[in-house]
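Open the structure in your viewer and keep the selection tool ready.

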Amino acid sequence: MFIHGDDDHDLGHTVAGWSGAGIAALGFGLCGLAMIRASGLLVLAGVAVLALAPLATWMLHLAGWGKPSGPRPVAQWGWRVRDVTARDGHSDCLGCRLAGRQAPRRHVAERSAETAVADA
């Protein structure tokens, strides 16, 4: 059995991910408390906090505290390491596209390089 950090997988633990999970847990806790207390106001508060979780995660991702899709270099595996490529947007990232950040897609760039080599 591996201990986190000893294996060869990038598990993607980031500030954005942990913050979103914490906010969502708080929202679910408020909804659970609302069921115990039979309080409609607490249900609304819990739902509001749950709606805040993906927004906070998205904003932190755009600020560089998330991670792009796929594996990262080993030096960037720490959960408190900022993503330096977030400003330009990540290729194939829905969150970056929704924010208007368009990074060039890897497979399109690879195809154009292959075409250039074939033409030469």
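Color by secondary structure first. Along the sequence, the protein chain follows the pattern α-α-α-α. That comes to 4 helices and 0 strands. Keep in mind that this is a predicted model.

Now show the surface. The protein chain exposes about 8,300 Å², and carbon and sulfur atoms supply 66% of that area. Of the 120 residues in the protein chain, 23% are buried.

Select residues 40-65. This is helix H2, with 26 residues. Pick its end C-alpha atoms: they are 35 Å apart. At 1.5 Å a residue the helix should span 38 Å, so the two values agree.

Stay on H2 and show side chains. Which residues of H2 are buried? They are Gly-46, Val-49, Ala-53, Ala-56, His-61, Leu-62 and Gly-64. What do these buried residues pack against? Their partners are H1 and helix H3, residues 94-98.

Next, select Thr-14. Thr-14 lies in the segment before helix H1, which covers 15-37. Is Thr-14 buried or exposed? Its relative accessible area is 4%, under the 20% cut-off, so Thr-14 counts as buried.

Zoom in on the Thr-14 side chain. It reaches the backbone nitrogen of Gly-17 at 3.0 Å. Finally, display the contacts of Thr-14, leaving aside neighbours within four places in sequence.

Terms used
Residues numbered from 1 in each chain as written. Predicted model: local features only at pLDDT ≥ 70, side-chain atom pairs only at ≥ 80, totals over all residues. Heavy atoms only, no water. Helix = DSSP H or I, 4+ residues; strand = E, 2+ residues; numbered from the N terminus. Buried < 20%, exposed > 50% of the residue type's maximum accessible area, 1.4 Å probe, protein only. Polar contact = N/O pair within 3.5 Å; in protein donor to acceptor, adjacent residues only side chain to side chain. Contact = heavy atoms within 4.5 Å. Areas by Shrake-Rupley, 256 points an atom, 1.4 Å probe, with all protein chains shown as cover. Expected span 1.5 Å × (residues − 1).
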